[in-house]
Amino acid sequence: MNFEQVAALKNLLSSPKRIAIIPHKNPDGDAIGSTLALSKYLSKKGHNTQVLAPNDFPKFLKWMPGADQILNYERHNAETKKFIAEADVIFTLDFNDFGRVGHMAECLENAKAKFVMVDHHQQPSGYAVITYSDINMSSTCEMVYTLIDAMGDRDLIDQDIANCIYTGIMTDTGSFKFRATTSQTHRIVAELMDKGADNTAIHQRVYDTNSPSRLHLLGCALKNMVILEEFNTAYITLTQEELDRYDYEKGDTEGFVNYGLTLDKIRFAVIFIENKEEGIFKISFRSVGDFSVNEFARNYFDGGGHTNAAGGKSEKSLEETIDYFVSLLPKYKKALTA
Ligand code: 5GP
Ligand code: MN
């Protein structure tokens, strides 16, 4: 955060405010961790805060401190709309375009509040009075830590806040292995541990609470994997019928896409997951090296994200979606095999 942004934020929060804090749709560890951490910090500063999610989030994040207080637009529609309409300030975390909150977008467009964006994705929109956007950050959670630090409030980071921030950094960095993980990320994590973040318990709660059916679904996904050696690419498909067969629950497919990248030489991994209710295939893209899946998702699949991790969607049938996807690869052969 630069000096002007800190001054503007201090000014905006100089008296008690009603503050809505919003993560993106299908919130992940970073989205939930950052919103909960910011919410607790701002409430300690005397504000009336509420985390309002566009929809529900996975079971493996429900243990997080404050998670039981989150309202979601699908289940608590009237309350959510009311809080947003009456908010003085709205923080949007871990996304940078209203297109990322699904049907909640209309509420945000009509809100009278001042917006503050805290986000690390590429190409931010211009809706906020304070746009704290940094694509070099490992996670929005790291940015929330940096914001609290810049406000001179590190002493307000308690064990709950530390656990929330740790979780988002851990999940968004693939447990501290992705390129955006810096020495500063590790310094912050060390301080979070000093503040009481329980690293072993967090890893266990997020990664080691699988149901048998989730592992069976993973088996199905791996069996469905197609490897296109010519393009150093691997993709997985999961149909609604397959999800239903293994009692799919929200969050069950988290991380599946990464298995493609564990194959020797594979640089581009993709998963296509059917969502019958929305009439789409939700797509996750991952890459290693310089091939930008953000550009790929943005150009062809109505999505976006980061250079090495992005998402998008397709409204076509599975067959048409795959045909289209495969037809795009020759254009990128050089980038994928250089
Ligand atoms: P995931 O594949 O894990 O859902 O998302 C990977 C990254 O891409 C995340 O940072 C996520 O916020 C972003 N992302 C996922 N889906 C979309 C999408 O449809 N549009 C945009 N702009 N970003 C997305
Ligand atoms: Mn993130």
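Here is a short walk through this structure, from its overall layout to the surroundings of its ligand. Please keep in mind that you are looking at a predicted model.

Let us start with the overall layout. The protein chain splits into two parts: domain 1 covers residues 3-207, and domain 2 covers residues 212-337. Taken over C-alpha atoms, the centres of domain 1 and domain 2 are separated by 27 Å. Where the two parts meet, nine residues of domain 1 are in contact with nine residues of domain 2. On the domain 1 side of this meeting place, the residues are made up of three nonpolar, three polar and three charged.

Helix α5 runs over residues 140-150 and helix α6 over residues 159-172. How do α5 and α6 pack? Their axes lie 7 Å apart, at an angle of about 140°. Angles over 145 degrees would count as roughly antiparallel; α5 and α6 are therefore oblique to each other. On the α5 side of the contact you can find T140, C141, E142, V144 and Y145, which meet I165, G168 and I169 in α6. Sorted by class, the residues of this contact are five nonpolar, two polar and one charged.

Next, move along to residues 245-328. UniProt, again in an unreviewed entry, places the feature "domain: DHHA1" here, at residues 245-328. This part of the chain is 24% helix and 29% strand, and 31 Å lie between its end C-alpha atoms.

Finally, look for ligand 1. Which residues come nearest to ligand 1? Of the 13 residues around it, the answer is S284, G303, G304, G305 and G311. Two strands, β11 (304-305) and β12 (309-314), each give at least two residues to the shell around ligand 1. The largest share, five residues, is supplied by β12. By class, the shell consists of two nonpolar, nine polar and two charged residues. Here the tour returns to where it began: domain 1 (3-207) and domain 2 (212-337) each contribute at least three residues to the shell around ligand 1.

Note on methods: Residues are numbered from 1 along each chain as its sequence is written. Chains are lettered from A and ligands numbered from 1 in the order in which they are written. This is a predicted model: local features need pLDDT of at least 70, side-chain atom pairs count only at pLDDT 80 or more; totals for chains, interfaces and linings use all residues. Domain bounds come from an automatic or database domain assignment. Two residues are in contact if their C-beta atoms, placed from the backbone, lie within 7 Å. Ala, Val, Leu, Ile, Met, Phe, Trp, Tyr, Cys and Pro count as nonpolar, Asp, Glu, Lys and Arg as charged, and the others, Gly among them, as polar. Axes are lines fitted to C-alpha atoms, for helices over the stretch in contact, and angles run from 0 to 180 degrees between N-to-C directions. Helices (H or I, at least four residues) and strands (E, at least two) are DSSP runs, numbered from the N terminus. Angles under 35 degrees count as roughly parallel, over 145 as roughly antiparallel, 65 to 115 as roughly perpendicular and the rest as oblique. A residue is near a molecule or strand if its C-beta atom, placed from the backbone, lies within 6 Å of it. UniProt positions are given in the numbering used here, feature names are shortened, and annotations may be inferred rather than shown by experiment.
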